[in-house]
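Thanks, everyone. I have one structure for today, so let me put it on the screen.

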Amino acid sequence: MGTKTADETGAETGTEATTDEEKVSVTTEADDVTESKPEAEAGVEAAAAGTEAADGTDADLEAEDLEDDADLAGELDEAGDEAEGPSGVGLGAAAVVSVVLGLVSLTGGWIGSVAAARETLVGQLQTSSTASVATQVKEVYGDAWQTTALWAGAFALVALITGVVVIARPAFGAPGKPQAPWIKSVAWAGVALGVIGLLLAVLKYSDALLGLPSTS
């Protein structure tokens, strides 16, 4: 009974051989896993480094985009300022012109003087020496003075209109762009001079102010 047969001995030997092969296979796989672990870690580190580099590149690109946007905004602002510049200069020049025309209406200009002298000459040529003194005074002096008043009133009216246009221009322009204070002040000065000059011209033309002397 204690004797083993050859088949049983072969079976045991085969079983032990199989067990040893399995152990060797498991050991080999464990070694492979152990050896592949550093490689996997290295791959993970490389991927992380690549991600950080990509993030850094994205951040640089975003920073460059922001700088480009800032530069573009600055250029647009400068372009807007340049576009506003001519409008402000034009209004300022118009305001100064209004003041000058108002002064001319009060002090007189060469064109008014020439027109008055011409009217005097015409009166002398058209009035006979036998005409009454009143007629001669009116034709020679009265018409010339009225001509001077007429030209002064024309200058005053242009000064008044120009000043009003300068003052009212911002209401019809782009909103949110206030007018420079000095432009408005000069324009108001032109309007005031225009009103005064126009009033004096009307009074002189109608002989209500500095009328012709009596010849009686």
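In which helix do Tyr141 and Trp145 lie, and how many residues apart are they? Before I answer, please note that this is a predicted model. Both residues are in helix α3, which covers residues 133–168. They are four residues apart, about one turn of the helix.

Next, the core. The largest nonpolar core has five residues: Leu91, Ala95, Val166, Ile183 and Ala187. Two elements, α1 (6–107) and α4 (181–205), each give two or more residues to this core. Take Ala95 as an example. Beyond its neighbours within four places in sequence, Ala95 contacts Val166, Ile183, Val186 and Ala187.

Last, the surface. In soluble globular proteins, nonpolar side chains tend to be buried together. Here there is also a nonpolar surface patch of about 600 Å². Its members are Leu106, Ile196, Leu199, Leu200, Leu203, Leu209 and Leu210. Helix α4 supplies the largest share of the patch, four residues. Leu199 is located in α4. Why does Leu199 count as exposed? Its relative accessibility is 52%, and the cut-off for exposed is over 50%.

That is what I have for today.

How values were computed:
Residues are numbered from 1 along each chain as its sequence is written. This is a predicted model: local features need pLDDT of at least 70, side-chain atom pairs count only at pLDDT 80 or more; totals for chains, interfaces and linings use all residues. Side-chain values use heavy atoms; hydrogens and water are left out. A nonpolar core is a set of buried Ala, Val, Leu, Ile, Met, Phe, Trp, Tyr and Cys residues joined through side-chain atoms within 4.5 Å. Buried means under 20% relative accessible area, exposed over 50%, partly exposed in between (1.4 Å probe, protein chains only). Contact means heavy atoms within 4.5 Å. Patches are made of residues with over 30% relative accessible area and no salt bridge: like charges are joined within 9 Å, nonpolar side chains (Val, Leu, Ile, Met, Phe, Trp, Tyr) within 5 Å. Accessible areas come from the Shrake-Rupley method with a 1.4 Å probe; for residues, only the protein chains shown count as cover. A salt bridge is a side-chain nitrogen of Lys or Arg within 4 Å of a carboxyl oxygen of Asp or Glu.
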